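The entries follow the order in which I looked things up.

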Amino acid sequence: MEKLVFPKNEEKAKQMEDYMRNQFLFAGVPKPERAHMQKKLLLESKYLSVSEIIALADYYYGQIEREYQYLAIDLVQRNVQRFTFDELRALIMLVERKEWWDSIDLWRKVYSTWCLRHLEQLESVFNVFAQQDDFWLRRIAITLQLGFKEKTETQLLAKAIEADRMTNEFFIQKAIGWALRDYSKTDADWVREQLAKDLSPLATREASKYL
């Protein structure tokens with residue numbers, strides 16, 4: 001399979017780098033253009049084995065410009081239902097590289113998608129991320145059940161929140177608020193109970209949006 005190379009646009013790259021606080025270099029390919037460019041590769045990926053997909057994702061993840069990390073995650077997302085739990089767990093080696101909120105939240109979607117099809121292994125996936133030293137991985141544990149609605153395992157969500165209730169990290173408190181806000185649309189009373197447990201002002205503000 002021919003490797004995809006994104007063209008460089010210095011003006012757009014600078015804008016994208018500024019938006020991401022200069023955490024990464026960009027080629028300067030906006031999401032709609034990138035989606036069009038990678039469409040053929042993603043379609044062809046369904047004919048690859050899972051091991052080949054992991055190898056290809058690893059290759060793209062190793063490229064400098066940020067768009068390649070997005071492409072790698074999209075490759076996995078497109079094929080995630082073919083992955084086993086062990087194969088998903090092995091992907092942590094990529095999740096932990098070049099971490100920032102953008103890649104972490106895309107990886108969260110990968111694991112959430114898989115868990116919705118394999119609810120019996122939800123806790124196992126949760127335990128991969130919960131109580132890790134790396135707060136970015138804990139962010140995935142907190143937000144893992146976004147969109148699960150009535151399928152949400154509240155004991156897991158409560159466990160993730162309690163572990164980081166006093167953590168000062170902005171991206172953790174934002175995640176707690178996000179997860180609670182999402183679940184408040186399903187069970188507002190349960191979320192109100194969590195808010196009574198002395199959450200941070202940021203988490204409380206985020207969580208209370210629909211209450």
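**Entry 1: cavities.** I searched the whole structure and found 2 cavities of 30 Å³ or more. I worked on a 1 Å grid over the protein atoms alone and took a cavity as a set of points where a 1.4 Å probe fits but cannot get out, with lining residues having an atom within 4 Å of a point. Grid points were joined across faces, edges and corners, and a volume is the space filled by probe spheres set on the points. I note that the model is predicted: local features need pLDDT of at least 70, side-chain atom pairs count only at pLDDT 80 or more, and totals for chains, interfaces and linings use all residues. Residues are numbered from 1 along each chain as its sequence is written, and side-chain values use heavy atoms, with hydrogens and water left out.

**Entry 2: the largest cavity.** I recorded about 60 Å³ of space in the largest cavity. Its lining consists of Ile142, Thr143, Gln145, Leu146, Thr152, Leu157, Ala179, Asp182 and Tyr183. Helices are DSSP runs (H or I, at least four residues) numbered from the N terminus. α9 (135–143) and α11 (170–184) each supply at least two lining residues, and α11 has the largest share, with 3 residues. I sorted this lining into 5 nonpolar, 3 polar and 1 charged residues, with Ala, Val, Leu, Ile, Met, Phe, Trp, Tyr, Cys and Pro counted as nonpolar, Asp, Glu, Lys and Arg as charged, and the others, Gly among them, as polar.

**Entry 3: the second largest cavity.** Its volume is about 30 Å³. I listed Ala130, Gln131, Arg138, Ala141, Ile142, Ala160, Ala163 and Asp164 as its lining. α9 and α10 (154–163) are the elements giving two or more residues to this lining, and α9 gives the most, with 3 residues.

**Entry 4: aromatic pairs.** I paired rings of Phe, Tyr and Trp (its six-membered ring) with centres within 6.5 Å, calling planes under 30 degrees apart stacked, over 60 edge-to-face and the rest tilted. By this rule I counted 14 aromatic pairs. Phe170 and Phe171 make an edge-to-face pair, 5.2 Å centre to centre with 85° between the planes. Both pairs belong to one aromatic cluster formed by Trp100, Phe135, Trp136, Phe170 and Phe171.

Technical notes. On a 1 Å grid over the protein atoms alone, a cavity is a set of points where a 1.4 Å probe fits but cannot get out, and a pocket is an open set with protein on both sides within 12 Å along at least five of seven lines; lining residues have an atom within 4 Å of a point.
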